[in-house]
Amino acid sequence: MKNKKTKLVVCIAVIALAAVGAYLVYYYTRPAVPVGATAQPQAVGQKPVPDELKTASELAADSAPIDGDANTEKQINGTITDVSTSVIIIKDEKTNEDLHFMRETATVTGRLTADSAVELYYTGTISGSDTTNAYVTRIIVMP
């Protein structure tokens, strides 16, 4: 009987060690998520591609003359309808449309809260309510 108990204890110990080993492998190989951040893929479209990652044809296109309007900083006045860590939604006072912007590259002055009046500065273009080609440079909250 003692031999069976020893075998049972050894079996349980081996299974426990295997479980601990599997957990440690999982723990040390999973992607790290900063404290307070959600495990979501990084938003695409706000930061330009570094030159070293561009192809030769893309670099040549970059050196060609570009319409001055696309590189000129433009301004939108409106009211914040919603704001999160990476996105701000503004109701444009001219068109009365909700415009969604990625705000990761923007310099923010003031506290971003819903129903606050803002001036949003951007480069690129906005087509209707499509803001995918607009890059926010500054957000100024009106007091």
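The questions below concern a predicted model, moving from overall layout to single pairs.

Me: In what order do helices and strands follow along the sequence?
Reply: The protein has three helices and six strands.

Me: Is helix H1 buried or in the open?
Reply: H1 covers residues 2-29. At 1.5 Å a residue, its 28 residues should span 40 Å, and the end C-alpha atoms are 41 Å apart, which agrees. The number of its 28 residues that are buried is zero, so H1 lies largely in the open.

Me: What is the area of the nonpolar surface patch that includes Leu24?
Reply: Leu24 sits in H1. Its relative accessibility is 39%, so it counts as partly exposed. Val20, Tyr23, Leu24, Tyr26, Tyr27 and Tyr28 make the patch, with an area of about 690 Å².

Me: Which residues does Ile139 contact, leaving aside neighbours within four places in sequence?
Reply: In general, nonpolar side chains tend to be buried together in soluble globular proteins. The contacts of Ile139 are Ile88, Arg103, Ala106, Thr107, Val108, Thr109, Leu112, Glu119 and Leu120.

Me: How many residues apart in sequence are the parts tied together by Arg138 and Glu73?
Reply: Arg138 and Glu73 form a salt bridge, with the closest N and O atoms 2.8 Å apart. Arg138 lies in strand S6 and Glu73 in the loop between H3 and S1, so the pair ties together parts whose separation in sequence is 65 residues.

Me: What is the N to O distance between Lys91 and Asp98?
Reply: The whole structure holds two salt bridges. Lys91 is partly exposed at 31%, and Asp98 is partly exposed at 35%. Their side chains meet in a salt bridge, N to O, at 3.5 Å.

Me: What percentage of the protein's residues is buried?
Reply: The protein exposes about 10600 Å², and carbon and sulfur atoms supply 59% of that area. Buried means under 20% relative accessible area. Of the 143 residues, the buried ones make up 19%.

Definitions and conventions. Residues are numbered from 1 along each chain as its sequence is written. This is a predicted model: local features need pLDDT of at least 70, side-chain atom pairs count only at pLDDT 80 or more; totals for chains, interfaces and linings use all residues. Side-chain values use heavy atoms; hydrogens and water are left out. Contact means heavy atoms within 4.5 Å. Patches are made of residues with over 30% relative accessible area and no salt bridge: like charges are joined within 9 Å, nonpolar side chains (Val, Leu, Ile, Met, Phe, Trp, Tyr) within 5 Å. Accessible areas come from the Shrake-Rupley method with a 1.4 Å probe; for residues, only the protein chains shown count as cover. A salt bridge is a side-chain nitrogen of Lys or Arg within 4 Å of a carboxyl oxygen of Asp or Glu. Helices (H or I, at least four residues) and strands (E, at least two) are DSSP runs, numbered from the N terminus. Buried means under 20% relative accessible area, exposed over 50%, partly exposed in between (1.4 Å probe, protein chains only). The expected span of a helix is 1.5 Å times one less than its number of residues.
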